[in-house]
Amino acid sequence: MTQADDATPTPSTGEVPSMISMKSVNKHFGDLHVLQEIDLEVPRGQVVIVLGPSGSGKSTLCRTINRLEPIDSGVIAVDGNVLPAEGRALAALRADVGMVFQSFNLFAHKTILENVMLAPVKVRKKSSKDAKTAALGLLERVGIANQADKYPAQLSGGQQQRVAIARALAMNPKVMLFDEPTSALDPEMVNEVLDVMTSLAKDGMTMLVVTHEMGFARKAGDRVLFMADGQIVEDSDPSTFFTAPTSERAKDFLGKILSH
Ligand SMILES: Nc1ncnc2c1ncn2[C@@H]1O[C@H](COP(=O)(O)OP(=O)(O)OP(=O)(O)O)[C@@H](O)[C@H]1O
Ligand SMILES: [Mg+2]
């Protein structure tokens, strides 16, 4: 375990808090009610796949969980800690949530190793030596330790995305959010990224994954959320969702996705 166990509050009642908890969360963009009364409890170690048509609110859901987007009302907590709206407490709690996007967002003028070391040194105030040892371990874990001294542009898209995962892990997050992490990749690079994610899931990481990779969703997912128009329309285990979706929206969505 590389988790920051010492930071986990010990519940006095024996009640274990959810790793991610959202209660009556609402979010608007102007007139658009993009998240509507979202209630979601994700227990520790669960891998949640988020599916839904374009514009249904999947990315916004992810972005609210680490407060990249403010919410209008409701409560979001990570490992029992309610996310404050802003300030230093937010910075600390945000570090509990790692996020990986479709675009890798690596610093172009820093080496792979420097990219992974940066936040632990700057934010966590780790010594450069400790950060380097940890970063090399993480690069090993995602299978690119031999690329440590290269620059992002010298790596393939799949390799860059694995660096982005290592960089997020370097902060010892309790939760990892993935927003279409393989959508920008050439097909032959998709699996190397999904393999890293599968291994993270096996190691017990709590994950929320927006993806169109249905094979991964079935194999690695513990649970599928299907979103439409800012609501969670279905919440079930993957085999139930894929074989017996209940809503017309989900049937329609699956019909389109699986016919490709
Ligand atoms: N910053 C913003 N300002 C205004 N509207 C936004 C903003 N971000 C998202 N939206 C709108 O909110 C809705 C939900 O967007 P979101 O990106 O969460 O959808 P999504 O499910 O991730 O879609 P996709 O599958 O295309 O990525 C969309 O209608 C989108 O246009
Ligand atoms: Mg999106």
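Which residues does Leu-51 touch, not counting residues up to four places away in sequence? They are Lys-58, Thr-211, Met-214, Val-224, Leu-225, Phe-226, Met-227, Phe-241, Phe-242 and Phe-253, a contact being heavy atoms within 4.5 Å. This is a predicted model, in which local features need pLDDT of at least 70 and side-chain atom pairs count only at pLDDT 80 or more, while totals for chains, interfaces and linings use all residues. Residues are numbered from 1 along each chain as its sequence is written, ligands are numbered from 1 in the order in which they are written, and side-chain values use heavy atoms, without hydrogens and water.

**Nonpolar cores**

- Leu-51 is among the residues with the most contacts inside the largest nonpolar core, which has 52 residues.
- A nonpolar core is a set of buried (under 20% relative accessible area, 1.4 Å probe, protein chains only) Ala, Val, Leu, Ile, Met, Phe, Trp, Tyr and Cys residues joined through side-chain atoms within 4.5 Å.
- Helix 6 (residues 187-202) gives the most to this core, with 8 residues; helices are DSSP runs of H or I, at least four residues long.
- A second, separate core has 26 residues, including Leu-40 and Ile-76.

**Surroundings of ligand 1**

- The residues around ligand 1 include Phe-29, Pro-53, Lys-58 and Glu-180, each with a heavy atom within 4 Å of the ligand.
- Helix 1 supplies the largest share of this shell, 3 residues.

**Polar contacts of ligand 1**

- Oxygen atoms of ligand 1 lie 2.6 Å from a side-chain N or O atom of Ser-54 and 2.5 Å from a polar side-chain atom of Thr-60, polar contacts being pairs of N or O atoms within 3.5 Å.

Notes
Buried < 20%, exposed > 50% of the residue type's maximum accessible area, 1.4 Å probe, protein only. Helix = DSSP H or I, 4+ residues; strand = E, 2+ residues; numbered from the N terminus. Polar contact = N/O pair within 3.5 Å; in protein donor to acceptor, adjacent residues only side chain to side chain.
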